[in-house]
Amino acid sequence: MTDDRFRRAVYVISVAAELAGVHPQTLRIYERRGLLAPARTAGGSRRYSDADLALLERIAELTDEGLNLAGVQRVLELEQTVAELKEQLDDARRAHERRMAELAARGFNPGGMAPAVPASRAVTIYRATRAPASVVEPVTRDG
């Protein structure tokens with residue numbers, strides 16, 4: 001189902017209530033509490049979409065688990081925040097991958113950000129190591 005069709009407000013309150021398995025007054029209460037925001041016709045009648053029905057199903061799950069409407073509202077807000085943050089993270093990952101591909105195409109090593117060196121010109125640098133502990137003389141208190 002396309003997003004436009006999913007969000008198209010087509011159900012009147014009585015049909016939406018029946019599909020959700022609740023009383024129409026419950027939908028009005030949810031709207032007053034800010035849990036639900038149905039579309040309105042020019043005459044002011046409420047119209048519900050499939051997205052609204054999915055939200056009603058989520059509200060029913062949360063209330064069945066024992067949450068009151070304030071708790072349901074908080075959970076829904078947090079779920080929305082998590083979804084937005086996941087989307088931002090996905091965008092950042094895609095941007096990072098594009099940038100790394102651009103750098104690799106220009107000859108840079110994406111891992112170290114240094115120019116890639118052909119194996120024929122590679123140089124290995126050795127670091128001096130400390131002498132083994134047996135060679136070092138122990139320090140005494142006497143000096």
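This report covers the salt bridges of a predicted model and one nonpolar surface patch.

## Basis of the values

The model is predicted, with local features requiring pLDDT of at least 70 and side-chain atom pairs counted only at pLDDT 80 or more, while totals for chains, interfaces and linings use all residues. Residues are numbered from 1 along each chain as its sequence is written, and side-chain values use heavy atoms, with hydrogens and water left out.

## Salt bridges overall

Seven salt bridges are found in a search of the whole structure; the term stands for a side-chain nitrogen of Lys or Arg within 4 Å of a carboxyl oxygen of Asp or Glu. Side chains of opposite charge can pair when their charged atoms come close.

E31, R40 and R46 are joined to one another through a network of salt bridges.

## Pair in helix α4

R58 and E61 form a salt bridge with an N to O distance of 3.0 Å. Both residues belong to helix α4 (residues 50-64), where a spacing of three residues puts about one helical turn between them. Helices here are DSSP runs of H or I with at least four residues, numbered from the N terminus.

R58 has 25% relative accessibility and counts as partly exposed. E61 is also partly exposed, at 36%. In these terms, buried means under 20% relative accessible area, exposed means over 50%, and partly exposed lies in between (1.4 Å probe, protein chains only).

## Pairs in helix α5

Helix α5 spans residues 69-105 and contains D91 and R94, three residues apart, or about one turn of the helix. The closest N and O atoms of their salt bridge are 2.4 Å apart. D91 is partly exposed at 39% relative accessibility, and R94 is partly exposed at 43%.

R99 and E102 also lie in helix α5, with three residues, about one turn, from one to the other. Their side chains meet in a salt bridge at 3.4 Å, N to O. R99 is partly exposed, with a relative accessible area of 37%; for E102, likewise partly exposed, the value is 43%.

## Nonpolar surface patch

V12, V15 and L19 make up a nonpolar patch on the surface, and their accessible area together is about 220 Å². Areas come from the Shrake-Rupley method with a 1.4 Å probe, and for residues only the protein chains shown count as cover. Patches consist of residues with over 30% relative accessible area and no salt bridge, joined within 9 Å for like charges and within 5 Å for nonpolar side chains (Val, Leu, Ile, Met, Phe, Trp, Tyr).

V15 is partly exposed, with a relative accessible area of 34%.

Definitions and conventions. Helices (H or I, at least four residues) and strands (E, at least two) are DSSP runs, numbered from the N terminus.
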